[in-house]
Amino acid sequence: MDKTKKRDLIVSLGLIALIFVVVAVLEKVLPTTSMLFTVLKKGSIYALVAVSMNLLNGFTGLFSLGQAGFMLLGAYTYAILTIPVEARAAVYQYYDGGIVQFSVPVIVGILLAGVVAAFFAYLIGLPVLHLKSDYLAIATLGFAEIIRAIFQWDKLGGLTNGSNLLRKFPIFHSTLFPFAVSALCIGIIVMLINSTYGRAFKAIRDDEIAAEAMGINLAHHKRLAFTISSFFAGISGALLAMFQTTVQASQFKSAMTYEILLIVVIGGIGSITGSCISSFLFVASSEWWLRFLDNSETYIGSLHLGLLRPGFRKVVFSVIIMAIVLLYQRGIMGDKEFSLTRIRQRLSGLFKKKKVQ
Amino acid sequence: MSERVLEIKDLTLQFGGVVAVNSLSMYVDKGEIVSLIGPNGAGKTTAFNAITGLYVPTNGQILFEGKKIIENYPHGKMKKLYAGSENGKYKERLEPTPDKVTKLGVARTFQNIRLWKTQSVFDNVLIAKHMRRTSNVFTATFRLNAAEEKKQREETAELLNILGLYQVKDQNCTTLPYGLQRRLEIARALATDPKLLLLDEPAAGMNPQETLELTEFIGRIRDDFKLTVCMIEHHMDLVMNISDRIYVLNFGALIAKGTPEEIQSNPTVIAAYLGEDKNA
């Protein structure tokens with residue numbers, strides 16, 4: 001049993017390494033403007049935030065919709081702290097160059113993005129984590145909306161640049177960067193979930209009353225899950241800022257939380273690999289694969305497809321999502337993880353059946 | 001005199017105008033098996049919920065190993081509504097959450113089985129070991145607690161072995177037959193290293209054969225784990241066989257207490273609960 005586990009781990013690590021090699025090779029071969037890289041970059045960032053949301057919704061059973069708010073905190077923290085000092089006068093042109101007059105290295109900025117998001121999560125968690133299911137969702141959604149409004153507030157302009165863009169902070173060029181950061185963070189989340197704390201989270205999800213009766217401190221563990229989830233949401237916010245090259249509070253609408261929730265649900269609530277796979281599929285279909293549907297000048301032979309017009313891809317996209325939710329009610333992966341052992345068992349099962357026939 | 005493990009003084013639980021438990025006083029000594037019996041709705045489970053911290057009593061006091069762990073008195077809205085007795089005797093408000101009570105050494109099972117349904121048999125017991133951890137979230141995530149984790153797993157395997165659940169340890173807990181699920185609940189409670197075990201209808205839904213096995217099983221774990229047991233049960237064979245003392249509740253109030261023989265011949269109990277023996 002342990003041997004197969006060890007082998008699975010090695011194979012998984014090997015697969016991840018292989019993905020990195022493939023991405024590195026693709027970067028050398030394809031032009032950097034290829035849509036593929038946009039999808040891979042955004043996909044990896046969304047994968048991280050989806051996994052962080054899954055830690056909360058799927059593994060601890062806390063239905064929270066504050067993810068966009070924590071991403072905003074992370075994105076702003078990163079942007080504010082890493083804009084080079086000489087560029088600040090240009091960025092904060094309406095606020096006398098802003099009040100922050102230093103900048104920190106990229107890695108420190110990313111870490112602090114997580115820390116700030118986690119800190120706010122801790123504070124907001126004190127009152128709201130007593131709430132159950134939909135009430136918690138509404139409270140966290142409210143928090144995300146309030147934080148967005150506060151960051152656009154004129155009086156805080158010296159820090160947040162009001163409703164203007166933050167820009168000129170260091171960004172990444174290689175797809176490998178968001179891949180590496182996301183992989184590292186998701187790896188840590190997986191290790192957390194497989195630790196004794198992860199098991200306690202799952203116990204809380206399965207039966208809160210039994211968990212408490214078995215000595216699991218509910219308030220402490222819920223707060224822990226909420227804070228950790230927000231820490232990684234903050235980091236993904238920082239990555240998103242780097243990806244978009246600019247930060248503006250209005251980008252972090254509740255629609256973003258819904259996109260992430262959609263990814264989690266489609267991937268399977270309680271499945272890490274499901275969240276990762278579905279985030280890439282989601283980003284690819286919404287940004288790339290369905291683009292052709294927006295082209296109103298599409299002809300098959302001489303037949304003009306009159307239905308196609310700008311915005312039509314969103315209709316198709318919605319239909320696809322409805323179909324997926326109807327067909328796979330528990331998401332692509334359910335609450336299972338992608339594992340080679342299972343695939344092998346499936347295949348050998350198929351093979352045996354054929355033999356019998 | 002033997003050591004007093006649990007002592008309940010004037011426990012009253014009132015929900016709005018309904019008095020679910022009315023001035024219940026009882027005690028459990030070390031090594032005893034004490035049963036709480038009574039008709040449905042008599043307030044037995046409510047009393048258990050109060051002992052484990054799930055409900056806050058309206059009035060009264062609970063001591064565990066001589067130490068006051070729970071105390072409350074009617075306050076706020078309840079001041080006017082309060083229908084119980086002993087008003088004004090208790091001055092403190094001690095309302096620990098259930099996990100704190102469990103940490104002190106009180107473990108329980110549930111009347112309607114509450115296993116963690118997505119988890120394996122092994123993990124159900126292993127999770128209960130979480131409470132006694134010394135690791136924090138960082139050391140646990142980065143596997144710096146490997147020694148403790150290994151010890152927990154070994155203890156879990158040993159416990160499952162003793163309770164005869166080791167063969168099914170990798171199965172999902174919901175696939176077990178009913179009797180084994182109840183046994184797994186007891187295993188999970190034992191994993192918290194309790195001094196006092198509260199069993200809420202351990203024999204519910206069991207046939208006579210299973211009940212007989214359970215009787216023996218409860219006696220065995222009491223001796224093996226040096227436990228004190230307090231249980232709620234409706235199977236009179238089990239109760240009369242195994243109990244050192246019995247408390248009888250009816251409509252929230254204590255109507256009788258004593259040894260099984262005394263209870264069986266107590267006219268009040270017969271009228272309220274046991275019923276007349278038609279052959280007599």
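Q: What makes helix α4 (residues 121-128) of chain B mostly covered?
A: Six of its eight residues are buried. Buried means that 20 or more other C-beta atoms lie within 10 Å of the residue's own; exposed means 12 or fewer, and partly exposed is in between, with C-beta atoms placed from the backbone. The six are V121(B), N124(B), V125(B), L126(B), I127(B) and A128(B). The helix itself is a DSSP run (H or I, at least four residues; strands are E, at least two), numbered from the N terminus.

The model is predicted: local features need pLDDT of at least 70, side-chain atom pairs count only at pLDDT 80 or more, and totals for chains, interfaces and linings use all residues. Residues are numbered from 1 along each chain as its sequence is written, while chains are lettered from A and ligands numbered from 1 in the order in which they are written.

Q: What do the buried residues of α4(B) pack against?
A: They pack against α9 of chain A, and against α6 (146-162) and α7 (178-190) of chain B. Contact means C-beta atoms, placed from the backbone, within 7 Å.

Q: Why does E71(B) count as partly exposed?
A: E71(B) has 18 C-beta neighbours inside 10 Å, so it falls in the partly exposed class. E71(B) sits in strand β5 (residues 67-72) of chain B. Leaving aside neighbours within four places in sequence, its contacts are Q61(B), Y90(B), E92(B), R93(B) and L94(B).

Q: How do you know that the length of helix α1 (residues 2-29) of chain A agrees with its residue count?
A: At 1.5 Å a residue, its 28 residues should span 40 Å, and the end C-alpha atoms are 40 Å apart. The expected span is 1.5 Å times one less than the number of residues.

Q: What is the angle between helix α2 (residues 35-59) and helix α11 (residues 218-244) of chain A, and what is it called?
A: The angle is about 170°, with the axes 8 Å apart. That makes α2(A) roughly antiparallel to α11(A). The cut-offs are under 35 degrees for roughly parallel, over 145 for roughly antiparallel, 65 to 115 for roughly perpendicular, and oblique for the rest.

How values were computed:
Axes are lines fitted to C-alpha atoms, for helices over the stretch in contact, and angles run from 0 to 180 degrees between N-to-C directions. Two residues are in contact if their C-beta atoms, placed from the backbone, lie within 7 Å.
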